[in-house]
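Thanks for coming. I have one structure to go through, so please look at the chain on the screen while I talk.

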Amino acid sequence: MAKHVVATTSELTAGQRKIVSLEGISIGVFNVGGQYYAVKNSCPHQQAPLCVGRVTGTTLPSKPGEFLYGREGEIIRCPWHGWEFDLTNGQSLFDPNRCWVKTYEVGVETPDEPPKLETFPVEVEEEQVVVFIKR
């Protein structure tokens, strides 16, 4: 499994999204209340760029005539035809067992140390700069 650093937590604050291309795949990474989720940036209906759609909530199960709204920030709506998907698991809201968008594992890591640059010894000989590479 390949690992790709896509942002720092300060770059991707709650409610924010970032669309990246990883290994030729367009993926949307979302911060939903401090939890991070990643979904393929393609609606299964007609391959619209799903991750540029509106992030919203949805109505919740309730009594007849009562409308409860919740799950704010967890639902992505396709910008072309309004199909809605759960960012937390990729399932569609209208048919969760038969229609979904691909999800990807996301983690937050603290780097142990800053990345190291590869360096080589350099000497100056008669006005020429020479780099030595040991193999």
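I start with Glu23, which is found in the loop between β1 (17-22) and β2 (25-32). On the naming, helices (H or I, at least four residues) and strands (E, at least two) are DSSP runs, numbered from the N terminus. This is a predicted model, in which local features need pLDDT of at least 70 and side-chain atom pairs count only at pLDDT 80 or more, while totals for chains, interfaces and linings use all residues. Residues are numbered from 1 along each chain as its sequence is written, and side-chain values use heavy atoms, with hydrogens and water left out.

Back to Glu23. Glu23 has a positive phi of about 55 degrees and is not a glycine. Most residues other than glycine have a negative phi. The hairpin of β1 and β2 has two residues between the strands. Glu23 is exposed, at a relative accessible area of 62%; buried means under 20%, exposed over 50%, and partly exposed in between, with a 1.4 Å probe and protein chains only.

Arg71 also has a positive phi, near 60 degrees, and is a residue other than glycine. Arg71 is in strand β5. Its relative accessibility is 29%, which counts as partly exposed.

Now the sheet. An open sheet of four strands runs in the order β1-β2-β3-β7, with antiparallel pairing. Two strands pair if DSSP finds at least two bridges between them. The edge strands, each pairing on one side only, are β1 and β7.

β1 and β2 are joined by six bridges, and Lys18 stands opposite Val29 in β2. β2 and β3 also pair over six bridges, with Ile27 opposite Lys40 in β3. Their hairpin has two residues between the strands, and there Gly33 takes a positive phi near 60 degrees. Strand β3 (residues 35-40) and β7 pair over two bridges, and Val39 has Thr103 in β7 as its bridge partner. As for cover, six of the eight residues of β2 are buried.

Next, the side chains. How many aromatic pairs does the structure hold? One. Trp83 and Phe94 form it edge-to-face, 4.8 Å centre to centre and with 75 degrees between the planes. The rule is that rings of Phe, Tyr and Trp (its six-membered ring) pair if their centres lie within 6.5 Å; planes under 30 degrees apart count as stacked, over 60 as edge-to-face and the rest as tilted. The pair links distant parts of the chain, 11 residues apart: Trp83 lies in the loop between β5 (68-77) and β6 (84-86), Phe94 in the loop between β6 and β7 (103-104). Trp83 is partly exposed, at 25% relative accessible area.

The charged end of Lys102 sits over the ring of Tyr104, 5.0 Å from its centre. That requires NZ of Lys or CZ of Arg within 6 Å of the ring centre and within 35 degrees of the ring normal.

Last, how does the lining of the largest pocket divide? Into 16 nonpolar, five polar and four charged residues. Here Ala, Val, Leu, Ile, Met, Phe, Trp, Tyr, Cys and Pro count as nonpolar, Asp, Glu, Lys and Arg as charged, and the others, Gly among them, as polar. β2 gives the most to this lining, with three residues. That is what I have.
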